[in-house]
Amino acid sequence: MADVQLVNVDKIYPGVKALAVNKVNLSIQDGEFLVLLGPSGCGKTTTLRMIAGLEDISGGDILIGGRRVNDLEPGDRDIAFVFQFYALYPHLSVRDNITFPLRAQNVARAEVEQRLAQVAKLLQIEHILDRRPGRLPSGEQQRVALGRAMIRRPQVFLMDEPLTNLDASLRADMRGELKHLQYELGTTMVYVTHDQVEAMTMSHRIAVMNQGVLQQVAAPLEIYNAPQTLFVASFIGTPPMSLIPCRVADGCLFGLNSDFRLTLHGSLVQALNQYKGDIIFGVRAEDVTLDENPAQGDIQGVVLVRELLGDEIIYLVDVGGSTIRTRTSPRVQVAEGQTIGLRLNYQRLHLFDRDTEQRIESKG
Amino acid sequence: MATTLERQLPIGQTAKPRFSRLSDRWLAGLFLTPTMLLLLFITIFPLIWSLFLSFNEWSVTRNALNAPIWIGTQNYAELLSDTRIGERTWERFIVTGQFVVPAVTIELLLGFGVAVLLNRKFRGRAIFMTVLLIPMMLSPVVVALFWRFMMQGEGILNYMATNWLNIGSIGWLTDRNTVIISLIIVDVWMWTPFMMLISLAGLSAVPKYLYEAAAVDRASGWFRFRHITLPMITPLLLIAIIFRTIDAYKLFDLAFVLLGSQGGPGRAGQTAALWVYEVAFSNFDTGMGSALGYIMLIVIIALANVFIRVLNAFKGEGAAA
Amino acid sequence: MNRKQPVWQRVLFWVVLGIVMIFFTFPMYWILSSSFKTRADVTSRVPLLIPYANFQPTMNNYLEILTDEPIESAAGAQSSGSRGEFRNRLINSIIITTLSTVLAVGLGTLAAYAISRFRIPGESDLMFFILSTRMLPPIVVLIPIFLFFSNLGLKDSFLGLTILYTTANLPFVVWMMKGFFYEIPVEYEEAAMLDGYSRLQAIYKIVLPECIPAMAATGVFSAITAWNEFVLSNLLNRDNASTVPPYLNSIVGVGAVEWGRLAAATVIFVIPIIIFTYLVRNHLLRGVTFGAVRR
């Protein structure tokens, strides 16, 4: 059990100008389940591999349990790595695959057997110990990979998109199992994924990355409710947050590329009082209420698209050339082309500076 | 152990039934027919003809116009018996073994070793690889000629041996004891690239993440080799060994040009293939030459059979549940 | 993982690689340098290794080969053949090798496809039979083929030798491609056929592009075999459709061997193969792993 510290970590690939990982500072607590989340190519896997020692560190330091590990071989860092494709040795049985790390270090036979029994029981794979991994379904292969990682009792678990190759229902099951497992073992876990559902449901904290830069590190709900950058706001949340670029004038927002217009109230006016530049206005679908009577809305719009999801309906509404999404219960049924009104929850609007893409705080 | 070749599936796939849609079956025939026709035509006919000849006394070179004289299994009897010819036949097979086994073994070890060296990225790797492939692209006749040139009593090899290494002249092709070694050297020179290419391909196909997993597990180099590399490339190497062994076994042009049809002094280097040539052409006994050729064929078929079973056993082991 | 290796390991690596390279490249260098030597230099007892320092390089050998006019004349050395013979033979070799390689790879791939995709009775026996055709010792085949082809009028023809080389290479192609097909999931073709393509179209659009690496590899091996084949060519095609390898042998004259000319001819003769290999080099490595290595 140990904490993991990343201090100003960089990664440069020769011949490539942009940094793959750019000045990442991350402090992972002992026993924490931290998810590195981001789209492909954002640098999350590279960061994970640097922690593991599978990639060299171009700049900065990585400390595990207070120990600087930059120059240590992967095998000396007391970590375990679960690969996206499981990396199980095809010619060894499940039993031999799991005990491989211990046998490679000449651990005593009795100890090996005991740990194997523990792990097999915990992961419910006792019945497949003598089979070859090639013939197993992916769910079981994944458990074998987990077993191999767990048997060493490392200080840190590192996982690279382990659930990506499973089908949807299995993935849902495994999410719960992994979270429970981490809770039981109490081991620090660093988990890479591009799937926000995994990130939101399993982690203590999420570290969102984009293009090598760490965007925000916070608990899931905070990431959801108070995204610090435009990227985080647009990446997290289904359906995506509605974003409209605007300029500020006379206590109103005017769409930059459209006829969108919103009058501001209360604290928002103060927040934007001194604001000189353009902003980007964002609101989540659940914070927008649809009113069939256009006059009763803060803004008016025309329904463009309707998505019937069964337990709710999502409407895409044209507001003067820009679009806003709103969620309603199935009972509110409005036709495409109809003019309706939208009421916004002013407590839950998000404003971002257009140039820096950083969040603008509003008081209240 | 099944003797059928096991189907290899990517991890995660379950076995699916093959296509047997009636409308498609004619395609199988269409695809197979040209190949089978060629193979049958070109090989079956000579096989049968040779078989016929082997039961006859005839000479295509001396008196082809005379009809072959049926002598039954006399050719075979002579070749396999205690007579001078029979003994000589037996010796030829021993010489063949003395050539094929070391040659293929060295080619395997050396080729694999070089492949391991070339498997990491380093500057100029492509050049090394390309240059190392050239020996097998040259005509065997030329290779043999030039090595013969270099191995002459006053050739460059002996020049280096006496003047640079101080070990005196070696009778590469003239000393009974070194003739086979010389043949091995030339064959190794020519065919190691083949083994190297196949080994390299096999090595580069092992997924990198297996090695990474082993690194995380602190496996030693030897452990990695034995449990990851070796199991993954063995099937490939076995097939390469089968083909190379078959080719070395029936090697003719290289040995002929290097040693002559009698295989050098005292027939020290006369492999079975050379002996067949001598019998059939120098001795003008086509019938016996054919019989001898048949014996060679039977031996190699038996050997190859064993090889294939080993190969299947290995593959079957890998797929066992 | 690119941790810096200890110095001694890197030194050892380069030393071993160096020794290996010397063993393999020295004879090649010897041939290459001989091709630029005069008759006197080539047969010198003291090996002359370095051009311009030990010997004066000359292009005479190449010129002689390419024009078939001897420039130096030496007692006892026979000049072989008529004017332009090497060039003719080179062209013949190119034609025959290209044809037989294309046929071998094409037919062999189709056959391998059929064996791997359709249920064929006695499949493993069939594969063993195909392998066994490669085991035939040349002698068993030589005389019958000679008589056979003579009767059919295939002696000394392009067609005859092409057929022989194609047949000689088929077993290797079939074995290599069959393993390769195992690696390509059937689902690709099934999906295409569900989309309305006929099987032939599915093969053409989906399967063949995947096969190109393997076909390149087998093509290279087949080409090398056909290009350098000596015994059959020497026996059958002596005049009209003659290839280069017997010519190389004939340079070994009655008297002294024309090493310089032989070397030059060898160098010229190996260049097309090197070019071909270089062109497909990227496919070569990928193509040889035909499913015998699991993923």
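These entries record what I looked up in a predicted model with chains A, B and C.

**Entry 1: chain A**

I began with the secondary structure of chain A, which comes to 9 helices and 20 strands. I then took the extent of the chain along its principal axes: the C-alpha atoms of chain A fill a box of roughly 80 × 45 × 40 Å. Of the 364 residues in chain A, 41% are buried. I also looked up the contacts in chain A with a separation of 6 or more, and 66% of them join residues 24 or more positions apart.

**Entry 2: a helix pair in chain A**

I next examined one pair of helices in chain A. Two packed helices are described by the angle between their axes and the distance between the axes, so I looked up both quantities. Helix H3 (residues 109-123) of chain A packs against helix H4 (residues 138-150) of chain A at an angle of about 140 degrees, and the two axes lie 10 Å apart. I noted the hand of the crossing of H3(A) and H4(A) as right-handed.

Which residues make the contact? From H3(A) I listed A:Val119, A:Ala120 and A:Leu123. From H4(A) I listed A:Arg143, A:Leu146, A:Gly147 and A:Met150. By class, the residues of the contact of H3(A) with H4(A) divide into 5 nonpolar, 1 polar and 1 charged.

**Entry 3: chain B**

I turned to chain B and found 12 helices and 2 strands. Reading along the sequence, I recorded the pattern α-β-β-α-α-α-α-α-α-α-α-α-α-α for chain B. Chain B has 321 residues, and buried residues make up 48% of them. For contacts in chain B with a separation of 6 or more, I noted that residues 24 or more positions apart account for 67%.

**Entry 4: chain B against chain A**

I then looked up where chain B meets chain A. The contact involves 20 residues of chain B and 24 residues of chain A. Three helices of chain B each supply at least two residues of the side that touches chain A, namely helix H8 (208-216), helix H9 (221-249) and helix H12 (286-319). Which helix gives the most to this side of chain B? I found that it is H8(B), with 6 residues. The side of chain B that touches chain A divides into 13 nonpolar, 4 polar and 3 charged residues.

**Entry 5: chain C against chain B**

I repeated the search for chains C and B. This contact takes 81 residues from chain C and 90 residues from chain B. On the chain C side, the largest share, 11 residues, comes from H1(C). I classed the residues of the side of chain C that touches chain B as 60 nonpolar, 13 polar and 8 charged.

**Entry 6: the domains of chain C**

Lastly, I consulted the domain assignment of chain C, which gives domain 1 (7-67) and domain 2 (85-288). Taken over C-alpha atoms, the centres of domain 1 and domain 2 of chain C are separated by 31 Å. I found 14 residues of domain 1 of chain C in contact with 11 residues of domain 2 of chain C.

Which elements give two or more residues to the side of domain 1 of chain C that touches domain 2? They are helix H1 (7-34), helix H2 (39-42) and helix H3 (60-67) of chain C. I noted that H3(C) provides the largest share of that side, 5 residues. The residues of the side of domain 1 of chain C that touches domain 2 of chain C divide into 6 nonpolar, 5 polar and 3 charged.

Terms used: Residues numbered from 1 in each chain as written. Chains lettered and ligands numbered in written order. Predicted model: local features only at pLDDT ≥ 70, side-chain atom pairs only at ≥ 80, totals over all residues. Domains from an automatic or database assignment. Contact = placed C-beta atoms within 7 Å. Helix = DSSP H or I, 4+ residues; strand = E, 2+ residues; numbered from the N terminus. Nonpolar A, V, L, I, M, F, W, Y, C, P; charged D, E, K, R; others polar. Axes fitted to C-alpha atoms, helices over the stretch in contact; angles between N-to-C directions. Left-handed = near helix turned anticlockwise from the far one by under 90°. Buried ≥ 20, exposed ≤ 12 C-beta atoms within 10 Å, placed from the backbone.
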